[in-house]
Each structure stands twice: as structure tokens, then as C-alpha cells.
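Please find below a colleague's note, written for a reader who is new to protein structure. Kindly keep the structure in view while going through the points.

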Amino acid sequence: MRPAGVLLAVCSLVLVVTRGPSQDFCSQILDSGVRPGCPKTIETNDPDVLRAARHSAERFNNCSNDAFLFKESHVSRALVQIVKGLKFMLDMDISRTTCKKLGHASLDNCSFQTNHTLQWTFSCYSEVWVVPWLQSVEVSVLRCH
């Protein structure tokens, strides 16, 4: 069951058992700190979020046959969930850079295209699973349009 579905089920159970909503029961669950399995909003400029966004852009580049590299240009929403590591869920934009795909090892030195005809941005949803003790990072979902 999805986390939102679990929350709905718990709130529904409270309504049935108590014959009405308890004082801010559901909002207390939503406003609590990070709990295992419960996604929590995290700042979009958090260093871990930015690293996850970079991994997503690198995955995009590995799947793309574009002549130029893309990199993350904006993270509009970020969630983190504790699940045998950290799962980051990101709504983000990736944009074409001036760096050609061949010959560039790092996106850090790549600036975004300024030539109007070469500018290109994709809106993406990405899920990145980080397991620090295994030094593992996996982009499990990447949907761009």
C-alpha cells in the first residue's frame, strides 16, 4: 500500500473507532519528523538532494544520444523516505549544457546553453535510492518530458 494510502487507512480507522475525527490526529502524523517508510519534504537546496539530482542527470546522459550533456537546472520539489537507506523523490528540470558528450568527465564545469536554438529543458520525476553503508546509489525511476 502506498504511504498516502496507509495514512488514509489510519485516519479512516480513527474515524470509525472514535465516531469522529480526533483532535488533529492526521495532521500530527503528517507534521512529525521523518519516520521509516513515511516520505517527508526536504529542502530543494539540501546537499543530498543536489547529489541525487546530479545522479539523475548523469543517468539521463547515459540514456540520451544527444551530442551535448544535460545537467540539473532546478529542483522544484524533493521528498526523502527512509527505506533500507534513503530514497529521494525529485521533481526537477534538466537542461542542455555547452559541453559535448565526448571529452567531459565532470558536469561541474559545464555551463548551460545560451544559444536560443540549442537551449533545451526537460521536466523530470526521479527516484534515487542511496545506501551509504554500501556506497550505493541507484536511479530507480527517471521520467522526463
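The numbered points below treat the core, the strands and the salt bridges in turn.

1. The model is a predicted one. This should be kept in mind throughout the points that follow.

2. The largest nonpolar core comprises 23 residues. Those with the most contacts inside this core are Val49, Val75, Phe88, Leu90, Met92 and Ile94. Two or more residues come from each of helix H3 (47-63), strand E2 (68-82), strand E3 (86-100) and strand E4 (121-131). In soluble globular proteins, nonpolar side chains tend to be buried together.

3. Which residues does methionine 92 touch, leaving aside those up to four places away in sequence? Its contacts are Ala53, Ser56, Glu72, His74, Val75, Ser76, Phe122, Ser123, Cys124 and Ser126.

4. Strand pairing deserves attention next. Strand E1 (residues 40-41) pairs with E2 in the antiparallel sense through 2 bridges, and threonine 41 has leucine 79 in E2 as its bridge partner. E2 and E3 also run antiparallel, joined by 12 bridges. Phenylalanine 68 stands opposite lysine 100 of E3. The hairpin of E2 and E3 has 3 residues between the strands, and lysine 84 there takes a positive phi near 50°.

5. How many salt bridges are counted? The count comes to 6. In one of them, the side chains of aspartate 48 and arginine 51 meet at 2.4 Å, N to O. Both residues lie in helix H3, 3 residues apart, which is about one turn of the helix. Aspartate 48 counts as partly exposed because its relative accessibility is 33%.

6. A salt bridge also forms between aspartate 91 and arginine 77, with the closest N and O atoms 2.8 Å apart. This pair links distant parts of the chain, since aspartate 91 belongs to strand E3 and arginine 77 to strand E2, 14 residues apart. Aspartate 91 is partly exposed, with a relative accessible area of 22%, and arginine 77 is partly exposed at 39%.

7. The side chains of glutamate 127 and lysine 87 meet in a further salt bridge (3.6 Å, N to O). Here too the pair links distant parts of the chain: glutamate 127 is in strand E4 and lysine 87 in strand E3, 40 residues apart. Is glutamate 127 buried or partly exposed? Glutamate 127 counts as buried because its relative accessibility is 15%, and the cut-off for buried is under 20%. Lysine 87, at 22%, counts as partly exposed.

Terms used: Residues numbered from 1 in each chain as written. Predicted model: local features only at pLDDT ≥ 70, side-chain atom pairs only at ≥ 80, totals over all residues. Heavy atoms only, no water. Core = buried A, V, L, I, M, F, W, Y, C linked by side-chain atoms within 4.5 Å. Buried < 20%, exposed > 50% of the residue type's maximum accessible area, 1.4 Å probe, protein only. Helix = DSSP H or I, 4+ residues; strand = E, 2+ residues; numbered from the N terminus. Contact = heavy atoms within 4.5 Å. Pairing = 2+ DSSP bridges. Salt bridge = Lys/Arg side-chain N within 4 Å of Asp/Glu carboxyl O.
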